[in-house]
Amino acid sequence: MTSQIAPPAPTGTPSTGYRLRWAGLAVILAAEVMDLLDTTIVGVAAPAVRQDLGGSDAQIQWITASYTLAFAVLLITGGRLGDLLGRKRLFVLGAAGFTLASVLCAAAPGAGTLIAARTVQGLFAALLIPQGLGLIKAMFPPKELGAAFGLFGPILGLSSVLGPTLGGYLTGADWFGLGWRAVFLINLPVGLLAVFAAGRILPADRSTTDRATADRATGAGTGADTRTGRIDPVGVLLLGLAVLLLVYPLVQGRELGWPLWTFLSMAASVPTAWLFTVQQRGVLRRGGTPLIEPSLFGKRAFVSALATGLVFFAALSGLMLVFTLHLQLGLGWTPLHAGLSMIPLSIGVVVGAVLSGALLAPRYGRRVLHLGMVLAAAGALGLWATVDGADGLTSWQLAPALALAGLGLGLIMAPFFDIALAGVEESETGSASGVLNAQQQLGGSMGVALLGTAFFGWARTDGFGHAAGLTYGLVAVLLAAAFVIAFLLPRQARPDGEGH
């Protein structure tokens, strides 16, 4: 049984909660916004980055994929490190490192250096973001948890609206001659504020080592969970290797002419992933703490949720990247024009998320996911019909299909994680949450790699407009696949109060 370590609030009782809990929630939300802005803002600036620094098509993809890939690989480990070293400590470390890496991104002299700095950003984000859930559970009494988590949807939805628009504005405004570099420097004031506020507002917590020392001193803990409080380095390496073997050749393969090693690498990712699951079971048998609860992979509902989410987030990330690249590289629009053109998509996401979370998902459950996938696929096909073969386009022509796609995406995102967790036991929820978050980032990396590669490949022979249309069609195909897989998900989310 997994030992879920939640940091105790230094003041207040379980019924009243931590005294500064709402201020602490604001700090955690600021970190979430910083991460989401950094994910959405960079895509709009990518063409300006290539114009300034040079680099290949694959390097444009890596500017986005390196962040999400590093985030995905270390995310599960980051959550475990919070248990071992203390969540507040890891939150402050992650926010400080993320802010410093943002400055390194802004100062990058070349595309390779920028990709390396983005990788560092993703690694620190993986230390920062997983701590929020445990901190919120520690600060809030059970009766207020729903209200606390309910603020995530509107705040993150608003961030998705602001990200592309802000990225376009900062890149086009060229403040102090910074150009695209300003999209990374925007993290500096937010990050410094988060570090300063976290140190003074978030509740102190004890690490696993501190708890073990206290238990030995008092005689407590006898007969409790005997797992060791250590990170599993072999598991970390195997998981990272499995992901790299798959994503790296997807990004580089087209530019290199798809040599044999790219196919061998992708094929090798499957046995490496299998070896990881075998190794995790071995860690569990020896009384250690696995990175991922092996029992999760024996649950059809959870495995189906992983497959559904992987395909869905790949479609979402690929759509966002290809849309901004088409507008700027194909149509010659400015970054600001491209960012403003994405507002209908973002507004659709916000409206869909609010409708789904507040009204539809609690009543209709899995059927809301299916409705969202149908609407999102229809929006992608609408974009295909709009852009393919068009000599000139306006933002208004793109708006209806974008809004429809956004509405569908919003309907999916609000209930997905609740429904995905409905098929796991209470003792597995912590591990399952980490795996689902990592799957979201990995899906994003794969979407950027797969759809970005398809887009650039078609653009080289058929032009940007035709390439964008075909890629939107591929997005619709991915959403159709997710639609079919989603039939294996639980029909409803777990009722309130049953543990997540």
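Trp22 is partly exposed, with a relative accessible area of 40%. The model is a predicted one. Phe140, in contrast, is buried, its relative accessible area being 4%.

## Aromatic pairs

A pair of aromatic rings is described by the distance of the centres and the angle of the planes. In this model the count of aromatic pairs is twelve. One of them joins Trp22 and Phe140: the ring centres are 4.8 Å apart and the planes stand at 80°, so the pair is edge-to-face, the class for angles over 60 degrees. Trp22 belongs to helix H1 (residues 21-53), while Phe140 sits in the loop between helix H5 (131-139) and helix H6 (142-150), so the pair ties together parts that are 118 residues apart in sequence.

Trp180 and Phe184 form another pair, with ring centres 6.2 Å apart and planes at 90°, so this pair is edge-to-face as well. Both Trp180 and Phe184 are buried. Elsewhere, Trp62, Tyr248 and Trp261 are linked into a cluster by ring pairs.

## Arg118 in helix H4

Arg118 is located in helix H4, which covers residues 111-128. Its relative accessibility is 1%, and Arg118 therefore counts as buried, the limit being under 20%.

Once neighbours within four places in sequence are set aside, Arg118 is in contact with Asp38, Val42, Ile63, Thr64, Ser66, Tyr67, Cys105 and Phe184. Among these contacts is Phe184, the residue whose ring pairs with that of Trp180.

## The largest nonpolar core

The largest nonpolar core contains 128 residues. Phe91, Leu114, Val247 and Leu398 are the residues with the most contacts inside this core.

For Leu398, the residues touched are Phe323, Leu327, Trp333, Leu383, Thr386, Val387 and Leu393, with residues up to four places away in sequence not counted.

## Gly434 in helix H18

Gly434 lies in helix H18, residues 429-462. Gly434 has a relative accessible area of 18%, which is under 20%, so this glycine is classed as buried.

In sequence, Gly434 and Ala72 are 362 residues apart; in space, the distance from C-alpha to C-alpha is 9.7 Å. Apart from neighbours within four places in sequence, Gly434 is in contact with Leu75 and Ile76.

How values were computed. Residues are numbered from 1 along each chain as its sequence is written. This is a predicted model: local features need pLDDT of at least 70, side-chain atom pairs count only at pLDDT 80 or more; totals for chains, interfaces and linings use all residues. Side-chain values use heavy atoms; hydrogens and water are left out. Rings of Phe, Tyr and Trp (its six-membered ring) pair if their centres lie within 6.5 Å; planes under 30 degrees apart count as stacked, over 60 as edge-to-face and the rest as tilted. Helices (H or I, at least four residues) and strands (E, at least two) are DSSP runs, numbered from the N terminus. Buried means under 20% relative accessible area, exposed over 50%, partly exposed in between (1.4 Å probe, protein chains only). Contact means heavy atoms within 4.5 Å. A nonpolar core is a set of buried Ala, Val, Leu, Ile, Met, Phe, Trp, Tyr and Cys residues joined through side-chain atoms within 4.5 Å.
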